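Keep the structure in view as you read.

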Amino acid sequence: MTPVYLDNNATTKVATEVMEAMLPYFTELYGNPSSMHTFGGQVAASVQTARQEVASLLGAASTDEILFTSCGTESDATAVHAALRAFPDKKHLITSTVEHPAIKALFEKLGKEGYRITTIPVDSQGRLNMELLTQSLDEETAIVSIMWANNETGTLFPVEKIGRLCREKGILFHTDAVQAVGKIPMDLKNMPIDMLSLSGHKLHAPKGVGALFIRKGTPFSPYIVGGHQEHGRRAGTENVASIIGLGRACRLAEEKMGEENTRVRAMRDRLEKELLRHIPKCFINGDPDARLPNTCSISFEYIEGEAILLMMNQHGICASSGSACTSGSLEPSHVLRAMGVPHTAAHGTIRFSLSIYNTEAEIDTVIEQLPPIVARLREMSPFWSEA
Amino acid sequence: MWDYTDKVREHFLNPKNVGEVENPDGIGEVGSIACGDALKLTFRLGKDKKIAEARFKTFGCASAIASSSVLTEMIIGKTLEEVEKISNDDIAMALGGLPKEKIHCSVMGQEALEKAIAYYKGEPEKILEGEIICHCFNVTDVDIRRAVQEKGLTSLEDVTGYLKAGGGCGNCHEEILQIIQKSQGMTILEPKKPAAGMTNLQKIRKIEETLESEIKPALIRDGGNIELVDVDGNRVLVRLQGACATCSRSRITLKDHVEARLRTLVAHDLVVEEA
Ligand code: FES
């Protein structure tokens, strides 16, 4: 049984082209890009090409705006700390209730350290309360950090609008775009975004590499100090092979963006439509209009997510659950709770996240296998008979 | 992914005795949809006063379903006196063990069984004893203390795995930890107080020392320097020199480096300012 992998928002496979591009950097091209000799020079040039590829995918104005990091979490932390250092007197931070733990936990920690944190809520479709955001911006605000696309529901936030509001008040705006990069077109040179985080392993590059976009002129101080790598903005010898891989992955993503937005979206839409048609009492979470093309968060009432996942796993289908049993906590995810998804459904939420490597046949498998699984579990559920 | 035994897998994938007994003698319902798991256990006694039929309906994860399924197998054919002795450990054992985060699934089985027997005997519903500590899962201090003492739980994770208490919003963590510490006869750890006050002179000396040994060397390396001008209460007035004085990031140096170091090494409330 070949597995049907539909958990691409968790991580993606490394594309063959990416792996091939990386391989020489483990063997013949092993120089340190900081070295002055030929060995280093060759590698430094390739790192620069990768930077160009990342910049191009983001639509950044200059390669100088790209800083390589180890992952999305590091990019987020670097951005937020840079803002806090730039404005040491400003003690107010703004984020949303549905951020990834990389931002959520960071802001909670900063809250305990004395910063005033405003967390903007979302509505039942996961849409940000823009009115509250507007009201919350004040002289004390150092940074607003709001994700571009939600990892669980795929809901897209109006980052351009948020950025504009921030800019009017001279507040820095950072967006965690880990899920959005490579899936939707971006043109940062024409957008009021000061900093943006991305992660390699969400777009078919390896794990352990990420990048932070820092618009020219944005006040910045390094998070990791030491050597002079990355123009003194992040010390530490570059993870060269992975950076090369990230560059190649960005180039691929740029080429495949059309496919992501047509073929992948069509598969996702078909999956949703068929599941809704064949399974009673289920619904899709997230903004029906503004949503990533690859993500489907679907709630099945009166049953529990882990049980669904494990039964699907029996049929080789790999997805993830929005309830918690799989994450070590016993509550439904904070995203679903923030959206007010009722308990009857929140526990039974499954996230399917597709990639360009998925096929129609795989979607057929899910459409065929999932309805009987849901029916079986409901037969066992004490609440189903009452429903 | 949880590490389940083959027995758990088997009972989850092919559960036995799913459903509800018609005209049951015993009914036990525990849990709720908000809690993320729930179990309805029903049984019927035969003429020999042994359980002739037992069925379950479970809302929950794989181990909750497996615990319920194995429980029905364990009680069929036994007298009530015999099944009364079944504990959650017996249920977990019959499954070849459960991950510690999932022990509460077996506890749910035991509770449903107790309730079903009480129903048969016509005993009134037990009312919650004690004060609710975990509001997410409705768990009282009495429950937590009992579990800690009887099962030898020593950590918050143990308590959450066993009772679910603490597995939600986390607001009750402090209180649960205190109950654990008290039950173990430990002294309660008070939150750390700021270091005892130094005299002004001691503070100034400490600031000077720290500047000399911890801060200056780094600045000198970068072609700069720093001079202490005055200390006024918690305000430390300094003057940056050399490259630091003209550096466009001097503010960052002051706050991030000088102030941060002084705060960790001398007193947490110091504020560093340019004289
Ligand atoms: S009150 Fe205990 S986890 Fe929320």
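A pocket here is an open set of grid points with protein on both sides within 12 Å along at least five of seven lines. Bear in mind that this is a predicted model.

With that in hand, turn to the second largest pocket, which holds about 1400 Å³ of space. Its lining is made up of 37 residues, and those closest to the centre are B:Val30, B:Glu111, B:Glu114, B:Lys115 and B:Lys126. Four elements of chain B, namely β1 (26-32), α5 (103-121), α6 (141-151) and α7 (156-163), each give at least two residues to this lining. The largest share belongs to α5(B), with nine residues. Sorted by class, the lining of this pocket comprises 15 nonpolar, 14 charged and eight polar residues.

The largest cavity has a volume of about 180 Å³. Among the 20 residues lining the largest cavity, A:Gly182, A:Leu203, A:His204, A:Ala253 and A:Glu260 lie closest to its centre. By class, this cavity lining has 10 nonpolar, six polar and four charged residues.

Finally, follow helix α12 of chain A, residues 360-380. At 1.5 Å a residue, its 21 residues should span 30 Å, and the end C-alpha atoms are 31 Å apart, so the two agree. Along the way, α12(A) has a kink of about 25 degrees at A:Gln369, shortly before the proline A:Pro371. That proline is one of the buried residues of α12(A), which also include A:Ile367, A:Leu370 and A:Val374. An α-helix has 3.6 residues a turn, so residues three or four places apart point the same way.

Technical notes:
Residues numbered from 1 in each chain as written. Chains lettered and ligands numbered in written order. Predicted model: local features only at pLDDT ≥ 70, side-chain atom pairs only at ≥ 80, totals over all residues. Heavy atoms only, no water. Expected span 1.5 Å × (residues − 1). Bend = angle between axes of the 7 residues up to and from the residue. Buried < 20%, exposed > 50% of the residue type's maximum accessible area, 1.4 Å probe, protein only. 1 Å grid on protein atoms, 1.4 Å probe; cavity = no way out; pocket = protein on both sides within 12 Å on 5 of 7 lines; lining within 4 Å. Points joined across faces, edges and corners; volume = space filled by probe spheres on them. Nonpolar A, V, L, I, M, F, W, Y, C, P; charged D, E, K, R; others polar.
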